[in-house]
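I wanted to go through one topic per entry.

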Amino acid sequence: MKNLTISCDLTDDSILWKYLKMGDERAFSKLFEKYYNHLVHYGNSISSFPEKVQDCIQDVFTDIWVYRQNLDESVVVKAYLLSSVRKRISRLQERDHIFRQTTSIDSINFLFDFSIEYHLITDEETTSKVVRINALLNELPPRQKEALYLRYYQGLTVEQIADNFQVNYQSANNILHRALVKLRKEWKHEYLLILLLSSNIH
Amino acid sequence: MENRNQYTEIEDFLADPSFQLWVRSKVDQQDWEDWTLGNSKMAKVVEEARLFLLAMKIPENNLSTEEIKSALESTWIKIEEKEKAQNKNVKLVKIWKNTWYRSIAAVFLFGLSFTWVYNNYFISESGIINYHDLIKENELVEQINNTSKPQITTLSDGSSVLLNPNSKLSYPKVFAKNERKVYLSGEGFFEISKNAKRPFYVYANEIVTKVVGTSFRIKAYANEPDIEVLVLTGNVKVNSNQKIKTANEKEVSLLPNQALRFERKNFTFNKITDITQDRALAKTLCSTIEKINFEFTDVPVDQIFKTIEQAYLVEIDYPREKLKDCHLTTSLIDQPLPEKLKIICKSLGNNSNYIMNGNQIIILSNGCN
């Protein structure tokens, strides 16, 4: 058995990317199978048309294969794929906007609401805290929510998020930082208030 | 996580994959539990980070492997279309600007029309179409069996073909959306994956065999006077190739255990309703895969693997010790080889899987349920 599983090591992204560039169909298929689900997940978070999302992702992969010779060898594959999907979906939505003659400029809106991992929480105190944080999280502007999602759910670095949003590092950092600062401030404030109140009652 | 002792901000913990894993899935590979207890200074920040992650659940979508597979297949179709469109556009525009090439094009066009006339009149007159005439129009992958034993070929749609010695099969890397076409010279046993929306066509010399999902054998050697089609399961339709105008346009339907013999010289279809009565056919059947029974009732897996090895002339490598007590009851009749392996792996359970490379098959399994 042992010698059979060695081939699994070929899952390293940069190696697969290199093979893909050389025209290896299996490397292409492996990357596709590895990331398709992630990309659909992200796509659905910024577009409410699931069929168009899958179409866009397949177009991204089509272009990757057709123009494989022009691909940059040093990319971080996952970040590259996520940002390609974002660009394509935003292009599609801009086009739709033109047809509908609306004026919105940033066509991408993060659509997911954060929910609560109830099954991981056992006590009431934690539940009430988490419920409050969750409410605050969902009040954040869509862009801040998307940044949090990319950073702590998809695991992108701040640089990669900046790239994805087509802004500089500092701006991306600010978006993330502001979200957390605001959240912690409001939450702490409320939490202290509750503590004070409850101690007064006693 | 080696530098978690230097973490100061909530962000540091939130971004740590092993920390995320610990909170979200309760998988504590890096001993976060102990670490938190030993770092009381950080305990507050850790707790806060944990609450944040618990409040940040995202709806999950899990596509099945089948859905991803079919998405991959449609992507290959998109790629093929795009590559075709590009070759046409870019090259032709550039070339067309040169007058010299325009005159060549004129000559070429003349040649092309000549070939067309030739194909339509001369070939149909002689009435013989060979494998080479059939495959030259298409970009295809060719599988040639020069060995002395039948050889297995799997196609992109999950169908499998057992190709006899001295036989050739050509097929596109990816099938078109609405049909699957392959070209045969020689003899092969086909097991076609079911897909009513994409009929499967086998072009063999002067005849075309159409199916949607079934198993059958075709024998069409270039230098033999007859072509034979023999059906094991399902329903098969046989036509003459449309290039032959003189042949009587007739379609013959075949049911299991029926066969057809096409006489190439005078274009006659002879349907054989009882194959046991036909000595030539009965003889072919004795030594081939059709005789093998794929109905298994409480049979040890190694016995099933042995049967598949004999039927398809493949080698199967599997963890003997782990699977020694596994028995299966299953019917693998009328399934292409990849489908057979999939069914076995699924019945074994425990994430069993297989890898297929030419005639080498490796079964990955940790034993059965």
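**Entry 1: a strand pair in chain B.** I began with what pairing means: two strands pair if DSSP finds at least two bridges between them. Then I looked up β15(B) and strand β18 (residues 360–364) of chain B. Three bridges join these strands, and they run parallel. I picked out one residue here. Glu315(B) has Gln360(B) in β18(B) as its bridge partner.

**Entry 2: the sheet around that pair.** In what order do the strands of this open sheet stand? I read the order as β15-β18-β17 in chain B, three strands with mixed pairing. Which strands stand at the edges? I found β15 (315–317) and β17 (353–357) of chain B there. Each has a single partner strand, so one side of each is left without a neighbour in the sheet. On average it is 20°, direction ignored.

**Entry 3: chain A.** I moved on to chain A and listed its secondary structure. I noted eight helices and zero strands. From the N terminus on, the elements therefore read α-α-α-α-α-α-α-α. Chain A has 202 residues, and 30% of them count as buried. I looked at its contacts too. Among those with a separation of 6 or more, 61% are between residues 24 or more positions apart.

**Entry 4: confidence in chain A.** The average pLDDT of chain A is 82, and 83% of the residues score at least 70. Which element of chain A has the lowest mean pLDDT, and which the highest? Helix α8 (residues 169–201) of chain A has the lowest, at 77. Helix α3 (residues 50–66) of chain A has the highest, at 93. I left myself a reminder: where pLDDT is low, the predicted coordinates should not be read in detail.

**Entry 5: where the chains touch.** Last, I looked up the interface. I found 29 residues of chain B in contact with 35 residues of chain A. On the chain B side, the elements giving two or more residues are α1 (10–14), α2 (17–25), α4 (40–54), α5 (65–96) and β18. The largest share, nine residues, comes from α5(B). By class, I noted 19 nonpolar, four polar and six charged residues on this side of chain B.

Conventions. Residues are numbered from 1 along each chain as its sequence is written. Chains are lettered from A and ligands numbered from 1 in the order in which they are written. This is a predicted model: local features need pLDDT of at least 70, side-chain atom pairs count only at pLDDT 80 or more; totals for chains, interfaces and linings use all residues. pLDDT is the predictor's confidence in each residue, from 0 to 100. Helices (H or I, at least four residues) and strands (E, at least two) are DSSP runs, numbered from the N terminus. Axes are lines fitted to C-alpha atoms, for helices over the stretch in contact, and angles run from 0 to 180 degrees between N-to-C directions. A residue is buried if 20 or more other C-beta atoms lie within 10 Å of its own, exposed if 12 or fewer, and partly exposed in between; C-beta atoms are placed from the backbone. Two residues are in contact if their C-beta atoms, placed from the backbone, lie within 7 Å. Ala, Val, Leu, Ile, Met, Phe, Trp, Tyr, Cys and Pro count as nonpolar, Asp, Glu, Lys and Arg as charged, and the others, Gly among them, as polar.
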